[in-house]
Amino acid sequence: MNDIIIAAEGLSKSYDGKPALRSLRLEVPRGSICGFLGRNGAGKTTTLKLLLGMLRRDAGSIRLFGQPVDSEASSIAARRRLGFVSEDKELYPFMTVDQTIRFTRPFFPGWRRDLEEKYLELFQLPRKKAVPKLSKGMRTQLMLLLAMARGAELLLMDEPTGGLDPAMTEDVLQILADLAASDGTTIFFSSHQLAEVEQICDRVCIIDQGQVVVDGVLDDLKSDYRRILLVFDGTPPPGLAGLPGIDHLRQRGRTASLLAHGDVEGLVDRARELGPSSVEVRPVTLKELFLDHVRGE
Amino acid sequence: MLWYKAWLETRWRFVFMLGSVLLVWLAPQWLPSLGFRLPPGVPASRLWMAIHLGSVLLYIVAANFLAGSGVNSQTTYAATSGFHGSMLFTLSLPVSRRRLLLVRAGLGALQTGVLVAIMAVYTLFHLPGGASTFQALEYIARAIICTIAVYALSVLLACVLDEMWQFYAACSCWIAFYLLQSRFAFVSWISPLRGMSLFSYPVTAPMPWAPVAASLALAGVFLCASVLVLQRKEY
């Protein structure tokens, strides 16, 4: 059994000569919940579409469930084992809830009627209601049901909680966490809601301008990265930027804020040599990590 | 289950077209009640000719109205611009694009064929002078085959354009084809549009093999091109 469910290497994609993904590298282990973060246009949806075979890559390779995805046949085999929730949550306008479920069910031999019933009840989805008459929240719920009841080993989700109220968002996050814990389902989802990601993800992948800038286990990232705040009597010395091991440096007035990981203690020792009046080292939040990397602050 | 989706997608369109066919069928009954009467001295066969021409137009409209690629979802009646988001759900299913296309195109072709057959039966039933069973079957077969060429072009256009533009583009193509056939004898000789009509090839004449063969060839080419386009298209 392969322990890496999603493996992408050197993945590149351009639209009309404009690069959307630039040699992207991605690894998502089995059973993990991986949050895929990035600004609008960073390449998140493009990555998901490449994984699903909706787009053709310019370069690179994709392996899903340990198998290379390099043809339509291999893509179909992979899609049989995964569920997908798209960003706009649109389903067939000419079907009812029940017809949509009846249509989807036969494509997936592992379809679980117990989960279908459970989520229909939990989400209070009326079977006979036409899809266009569902609210956006209900369409999201129906899409989640279709993705989760198929007994998928991998769920690919583009903003899965979009359109849900806070209470339902909480329920859905709990369901996703339970799926990963009880069935070993791997979940890879893009989101702008950092709090959601922090709540249920054990891994985080931050993408910016088509490249992965941070990738790892969330707890490791939080313990690895540190914010170092240096206050100087005057303007921070120019040598600060040359210190090794700094991920990002931000200067405002007499204060310099460094984001660093790895040998933070060594970095602090070298920073002290520059004569700051005070040095403060503190842990970082996911939001800080995200903003520092995508905004380069 | 793709047939199930295709049926739910097209059933009201099919019913709508069936209603249109019935409207034409019953034209001799409802036209006089609206005050439309043939002027004195004009033979009754003129009304039949008008209905027949209308039915040929109906073949083309039905073919365009019922065609789809199986990827972009269609609304119940109206041709809409843009692509519906459910397309991504369809593409995430473990099904090849070729199968998506062939099932959807197959069902649409069947519906189109049924409508054409119904119209053709009516046309023949009211044909001045009548037709033998063999002649009737011959005409129904060639009307269906020639309409399928029109249908297959619409399927190809549905693979590259949204529904609104597909409809306009298909109509434009056949208007252009009609103009070409009136200028060039060869185009006219093989024209599917002429193959659909009883005027160009009187029912008593031998089977017009050229438009039938050309229609079959065009339908095949359009369908193969549709599969290739869909397989290469990015969404």
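**View 1. An open sheet in chain A.** Four strands of chain A line up as β12-β13-β11-β14 in an open sheet with antiparallel pairing. Strands here are DSSP E runs of at least two residues, helices are H or I runs of at least four, and both are numbered from the N terminus; two strands pair if DSSP finds at least two bridges between them. β12 and β14 (278-283) of chain A sit at the edges with a single partner strand each, so one side of each has no neighbour in the sheet. From one strand to the next, the twist averages 15 degrees (axes are lines fitted to C-alpha atoms, with angles from 0 to 180 degrees between N-to-C directions). Keep in mind that this is a predicted model: local features need pLDDT of at least 70 and side-chain atom pairs count only at pLDDT 80 or more, while totals for chains, interfaces and linings use all residues. Residues are numbered from 1 along each chain as its sequence is written, with chains lettered from A and ligands numbered from 1 in the order in which they are written.

View 2. Zooming in, β12 (residues 246-252) and β13 (residues 255-261) of chain A run antiparallel and share 6 bridges. Across the pair, L249(A) faces L258(A) in β13(A), and R250(A) stands opposite S257(A). The hairpin has 2 residues between its strands, and G253(A) takes a positive phi near 65 degrees.

**View 3. Where chain A touches chain B.** Chain A and chain B put 21 residues each into the contact (two residues are in contact if their C-beta atoms, placed from the backbone, lie within 7 Å). On the chain A side, α2 (72-79) and α3 (97-104) each supply at least two residues, and α2(A) gives the most, with 3 residues. That side of chain A splits into 13 nonpolar, 2 polar and 6 charged residues. Nonpolar covers Ala, Val, Leu, Ile, Met, Phe, Trp, Tyr, Cys and Pro, charged covers Asp, Glu, Lys and Arg, and the others, Gly among them, are polar.

View 4. Chain B has 10 helices and 0 strands. The C-alpha trace of chain B spans about 65 × 40 × 30 Å along its principal axes. Of the contacts in chain B with a separation of 6 or more, 76% join residues 24 or more positions apart.
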